[in-house]
Amino acid sequence: MEPLLRIERLTKHFPASAGAWGSSAAVHAIDDVTLEVRPGETLGLVGESGSGKTTLGRCALLLVEPTSGRVFFQERNLLQLKRGELRRMRRHMQMIFQDPFASLDPRMRVAEVLAEPFHIHERLSRSEIRARCRDLLRRVGLREDALDCYPHEFSGGQRQRIGIARALALQPRFIVADEPVSALDVSVGAQIINLLQDLQQQCNLTYLFISHSLPVVRHIASRVAVMYLGKLAEAGPTEEVLRRPMHPYTLLLLVSTPEISRSGRREFHTAPGELPSAVHPPSGCRFRTRCPLARQRCAVEEPPLRQLAPGHSSACHFAEEVPSRLNPAVFPM
């Protein structure tokens, strides 16, 4: 099956000022990432804040123009499309933003928010647009009278439902969901996850689901890709990656997830070190400054993303040692 979205050697560097003399520098947000998303699946993209997840999602939709690389959607290179062609292609590619409070214009009623895509891409009468907007609200579990309200009149979960409705307006095939539940209460977030899964079945949607929460990704994604400091560290079927990680960073994420002890208290396993600077990333393997398996080779040779099992790849020189050398209950300091 041909991938719906294919990213090849994608790189995005943002200009930055470094030093008292204002010498040029660059933030290495994404470096040489290759990734595929298959039709109808949910690919989970996980990593710490600053790992490049959101930038990758925005580059996939060309909301941010890559520094280099190629982005194919339905086998068409988006970077080679003319302005009009890209505009027509955008109706098939939408985004659900992280913050439901910032992603909606507070000066616009819900009817105006949902009608905007139709004004840009469709030629419909007012009554037709109004009917489409009512249908969108029903799909996401909101009442029709919400059309005449402003965003501040809704809770965070309701606002996110409005954001989802806006993303569905043009019947897209592909949606980038950028941490859509991270700003919500756990129970509300669970409702949104269930809604996204229902909509995926009803509308034949494909998701790139960005998150820092492995339990959420395990629930919604069939495959997972792990990012660290602008690079892919590991990728494969979700259950296989989370049960038998082949990269030390994936294990770090797993043991950093809070667990409930027998006493009922939440326990955290702390991970060593902090995310290095994206302006001056470490040489060789970018994770080596925090990795208990790091050796001299890791400082001088960048590990390629290599396949270790069918569909399961890792960018670690010593990936085969990860399951046997590291205890998933206690990350060695």
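Author: A cavity is a set of points, on a 1 Å grid over the protein atoms alone, where a 1.4 Å probe fits but cannot get out, and its lining residues have an atom within 4 Å of a point. Grid points are joined across faces, edges and corners, and the volume is the space filled by probe spheres set on the points. This is a predicted model, in which local features need pLDDT of at least 70 and side-chain atom pairs count only at pLDDT 80 or more, while totals for chains, interfaces and linings use all residues. Residues are numbered from 1 along each chain as its sequence is written, and side-chain values use heavy atoms, with hydrogens and water left out.

Reader: How many cavities of 30 Å³ or more by that rule?

Author: The count is one. The largest cavity holds about 60 Å³ of space.

Reader: What lines the largest cavity?

Author: The lining is H247, C285, F287, R288, C291, L293, A294, C298, C316, H317 and F318. Eight of the lining residues are nonpolar, two polar and one charged. Here Ala, Val, Leu, Ile, Met, Phe, Trp, Tyr, Cys and Pro count as nonpolar, Asp, Glu, Lys and Arg as charged, and the others, Gly among them, as polar.

Reader: Take H247. Buried or exposed?

Author: H247 is buried, because its relative accessible area is 4%. The cut-offs are under 20% for buried, over 50% for exposed and partly exposed in between, with a 1.4 Å probe and protein chains only. H247 sits in the loop between helix 8 (238–243) and helix 9 (248–256). Helices (H or I, at least four residues) and strands (E, at least two) are DSSP runs numbered from the N terminus.

Reader: Which residues does H247 touch?

Author: Leaving out residues up to four places away in sequence, H247 touches A233, E234, F287, S314, A315, C316 and V322, where contact means heavy atoms within 4.5 Å. The H247 side chain also comes to 3.0 Å from the backbone nitrogen of Y249.

Reader: And where is C285?

Author: C285 is in the loop between strand 12 (266–267) and helix 10 (296–300). C285 counts as buried because its relative accessibility is 13%. Beyond four places in sequence, C285 touches C298, E301, E302 and P303.

Reader: Step back. How many helices and strands in total?

Author: The chain has 11 helices and 14 strands. Of its 333 residues, 50% are buried. Among contacts between residues at least 6 apart in sequence, 64% join residues at least 24 apart.

Reader: Which residues touch the most other members of the largest nonpolar core?

Author: L114, I164, L168, L196 and Y249, in a core of 65 residues. Helix 3 gives the largest share of this core, six residues. A nonpolar core is a set of buried Ala, Val, Leu, Ile, Met, Phe, Trp, Tyr and Cys residues joined through side-chain atoms within 4.5 Å.

Reader: What does helix 3 pack against?

Author: The buried residues of helix 3 pack against helix 4 (126–139) and helix 5 (156–168). Helix 3 spans residues 110–121, and V110, A111, V113, L114, A115, P117 and F118 are buried. Outside four places in sequence, L114 is in contact with C133, L136, L137, L147, I162, A165, R166 and A169. There is also a second, separate core of 33 residues, including M95, V176, I210 and M227.

Reader: Backbone next. What is phi at N204?

Author: Positive, about 55°, although N204 is not a glycine. N204 is in the loop between helix 6 and strand 8 (206–211), and counts as exposed because its relative accessibility is 54%.

Reader: And L229, buried or exposed?

Author: L229 counts as buried, because its relative accessibility is 1%. L229 also has a positive phi, near 50°, and lies in the loop between strand 9 (223–228) and strand 10 (231–237).

Conventions
A polar contact is a pair of N or O atoms within 3.5 Å; within protein, one must be able to donate a hydrogen and the other to accept it, and residues adjacent in sequence count only if both atoms are side-chain atoms. On a 1 Å grid over the protein atoms alone, a cavity is a set of points where a 1.4 Å probe fits but cannot get out, and a pocket is an open set with protein on both sides within 12 Å along at least five of seven lines; lining residues have an atom within 4 Å of a point.
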